[in-house]
Amino acid sequence: MDSVLTDLAQGAFKLAMQLLQQPADAHDVLQEAAVVAVSHPGAPKARSDEFRPWFFRVVRNKAIDRLREQKRKNHEELVEETIAAGENHGPEDTLQQSQLQQQVQVALAKLSLDQREIILLKDFHGFAYADIAAILDIPKGTVMSRLHRARLALREHLIPYMVRNDYE
Amino acid sequence: MNKTDTCQHIEELLTGYLDGELTQQESQRVALHIEQCEECRETWRQLQQLQRAVQETRYPNLEQEKLETMMNDLTSKGLQGIAWFALSAGLAMIIAFAVYAFWVDTSMPWYHKLAMSLIWGGGIGLFVSVLRQRLIARKTDKYRNVKL
């Protein structure tokens with residue numbers, strides 16, 4: 001169990017970071033989720049395929065609980081800070097790709113939590129639709145439409161940069 | 001079905017196509033359509049770009065030291081759980097044996113036993129109810145994280 005958790009910890013920490021935007025909170029959430037993983041009688045076996053989505057679901061739910069606890073007050077301030085930081089890159093930053101990545105992070109922070117988490121679960125963490133449905137507790141058939149709407153919303157924020165930057 | 005209807009229908013499938021989550025038949029339909037429709041091809045290209053951009057996004061790792069501390073804490077918590085279980089089971093066995101020995105003891109009249117049992121039972125009941133209230137308050141106290 002410990003080695004499996006160690007392998008999953010960095011990815012799970014990043015998911016918590018992506019949702020909470022605060023390393024200290026993300027660390028707390030990961031810790032709480034790890035305790036659940038070792039003590040919950042209904043947890044899937046650590047070596048099974050179900051364990052990773054199950055663990056990410058615990059992390060996600062814990063992060064959402066924490067956001068609710070904070071009543072999103074701190075989060076909104078942080079989003080504004082992130083946006084300001086993203087707009088503050090200087091002319092010396094000649095690496096277009098890093099600017100673009102920064103813009104992607106800014107744009108992701110501007111999305112609603114629902115939209116952000118589904119994009120990150122698919123594109124950053126690489127989960128299949130069935131796993132995303134299990135993590136978010138939604139029907140599998142809903143994943144594609146919700147993800148598509150989220151990507152279109154992300155595109156709206158990034159269109160100016162997509163024209164300027166060539167990904168190809 | 002005119003072109004707009006087809007595009008509308010295909011558009012949502014573009015995401016599934018991008019993620020390799022469509023059936024073979026659906027994939028073929030989308031592939032054929034984006035070959036013919038410039039607008040949908042552009043949307044498809046943008047979605048591909050977005051996906052790659054998100055994939056390449058970097059977020060900080062949890063510091064190795066913190067990770068190690070967390071895993072050590074987990075091991076300690078596991079051992080604590082086993083220790084608590086052993087302690088509780090041992091105490092429960094002793095109490096059960098004491099209660100049994102108390103009631104089978106013939107040197108004490110039954111009304112003494114009853115009175116003693118009520119006093120002990122009441123005391124334990126009060127202790128458990130106060131403990132329960134404290135635990136609930138600890139869990140739901142919204143000011144518990146406030147550092148003075």
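Student: How many of the 12 residues of helix 6 of chain A are buried?

Tutor: This is a predicted model, and in it 9 of the 12 residues of helix 6 are buried, so call that helix of chain A mostly covered.

Student: Which ones are they?

Tutor: The buried set in helix 6 of chain A is Leu113(A), Arg116(A), Glu117(A), Ile118(A), Ile119(A), Leu120(A), Leu121(A), Lys122(A) and Asp123(A).

Student: OK, and at what angle does helix 6 of chain A pack with helix 7 of chain A?

Tutor: Helix 6 (residues 113–124) and helix 7 (residues 129–136) of chain A meet at about 140 degrees, and their axes are 10 Å apart. That angle makes the two helices of chain A oblique to each other, since only values over 145 would count as roughly antiparallel.

Student: Is the crossing left-handed or right-handed?

Tutor: Helix 6 and helix 7 of chain A cross in the right-handed sense.

Student: Which residues make that contact?

Tutor: Helix 6 of chain A brings Glu117(A), Ile118(A), Leu121(A) and Lys122(A), while helix 7 of chain A brings Tyr129(A), Ile132(A), Ile135(A) and Leu136(A). By type, the residues of this contact are 6 nonpolar, 2 charged and no polar.

Student: What follows helix 6 of chain A?

Tutor: Gly126(A) does, with a positive phi near 70 degrees.

Student: Which residue other than glycine has a positive phi near 65 degrees?

Tutor: That's Gln21(A). Most residues other than glycine have a negative phi. Gln21(A) sits in the loop between helix 1 (2–20) and helix 2 (23–39) of chain A. Asp137(A) is another non-glycine with a positive phi, about 60 degrees, and you'll find Asp137(A) in the loop between helix 7 and helix 8 (140–164) of chain A.

Student: Take Gln21(A) first: buried or exposed?

Tutor: Gln21(A) has a relative accessible area of 17%, so it is buried, the cut-off for that being under 20%.

Student: And Asp137(A), buried or exposed?

Tutor: Exposed, because Asp137(A) has a relative accessible area of 58% and anything over 50% counts that way.

Student: Let's zoom out. How many helices and strands does chain A have?

Tutor: Chain A has 8 helices and 0 strands, which reads along the sequence as α-α-α-α-α-α-α-α.

Student: What share of chain A counts as buried?

Tutor: Of its 168 residues, 52%. The accessible surface of chain A is about 8100 Å², with carbon and sulfur atoms holding 49% of it.

Student: And how much of the contacts comes from residues 24 or more positions apart?

Tutor: In chain A, they make up 64% of the contacts with a separation of 6 or more.

Terms used. Residues numbered from 1 in each chain as written. Chains lettered and ligands numbered in written order. Predicted model: local features only at pLDDT ≥ 70, side-chain atom pairs only at ≥ 80, totals over all residues. Heavy atoms only, no water. Axes fitted to C-alpha atoms, helices over the stretch in contact; angles between N-to-C directions. Helix = DSSP H or I, 4+ residues; strand = E, 2+ residues; numbered from the N terminus. Parallel < 35°, antiparallel > 145°, perpendicular 65-115°, else oblique. Left-handed = near helix turned anticlockwise from the far one by under 90°. Contact = heavy atoms within 4.5 Å. Nonpolar A, V, L, I, M, F, W, Y, C, P; charged D, E, K, R; others polar. Buried < 20%, exposed > 50% of the residue type's maximum accessible area, 1.4 Å probe, protein only. Areas by Shrake-Rupley, 256 points an atom, 1.4 Å probe, with all protein chains shown as cover.
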